[in-house]
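Hi,

Here is the structure I promised to pass on to you. Please have a look at it first, and then read my notes on what turned up in it.

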Amino acid sequence: MTPEQAELIALKGLAWLAANEELCPVFLGASGGTVDDMRNRATDPAFQAAVLDFITMDDDWVVTFCDSIDLGYDQPLRARYALPGAEAVHWT
């Protein structure tokens, strides 16, 4: 996956979160962000990574997001790995 494809998926994830009345406040609380941050940092790869990190925390969120835009369930995590910062993930 190219960084450009990953950014597009992240932007779609951000739009999905912004439209989700239940999850948007949870995302904002978890990220410490504001609605203005969602607007102003939408093109920031680090913020996009945070969006994908959040969505991929829960399988139900992944399924709902992917179903809403006809995306394979593996794509949000693949997109996350294509954005900066994923190289620091350690599973030990």
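Asp-36 is partly exposed, with a relative accessible area of 46% (buried means under 20% relative accessible area, exposed over 50%, and partly exposed in between, using a 1.4 Å probe and protein chains only). Its partner is Arg-39: the two form a salt bridge, with the closest N and O atoms 2.8 Å apart. By salt bridge I mean a side-chain nitrogen of Lys or Arg within 4 Å of a carboxyl oxygen of Asp or Glu. Arg-39 is exposed, at 58% relative accessible area. Why can these two residues reach each other? Asp-36 and Arg-39 are 3 residues apart in helix H3 (residues 35–40), so about one helical turn separates them. Helices here are DSSP runs of H or I with at least four residues, strands are E runs of at least two, and both are numbered from the N terminus.

Before going further, a word on the model. It is a predicted one, in which local features need pLDDT of at least 70 and side-chain atom pairs count only at pLDDT 80 or more, while totals for chains, interfaces and linings use all residues. Residues are numbered from 1 along each chain as its sequence is written, and side-chain values use heavy atoms, leaving out hydrogens and water.

How many salt bridges does a search of the whole structure find? The count is 4. Another of them joins Arg-80 and Asp-53, at 2.7 Å from N to O. This pair links distant parts of the chain, with Arg-80 in helix H6 (residues 75–82) and Asp-53 in helix H4 (residues 45–55), 27 residues apart. Arg-80 is buried at 8% relative accessibility, whereas Asp-53 is partly exposed at 36%. Arg-78 and Asp-74 also meet through their side chains in a salt bridge, 2.6 Å from N to O. Asp-74 counts as partly exposed, with 36% relative accessibility. In general, side chains of opposite charge can pair when their charged atoms come close.

Now for the cysteines. The search of the whole structure finds 0 disulfides (a disulfide being a pair of cysteine sulfur atoms within 2.5 Å).

Enjoy exploring it!

Best wishes
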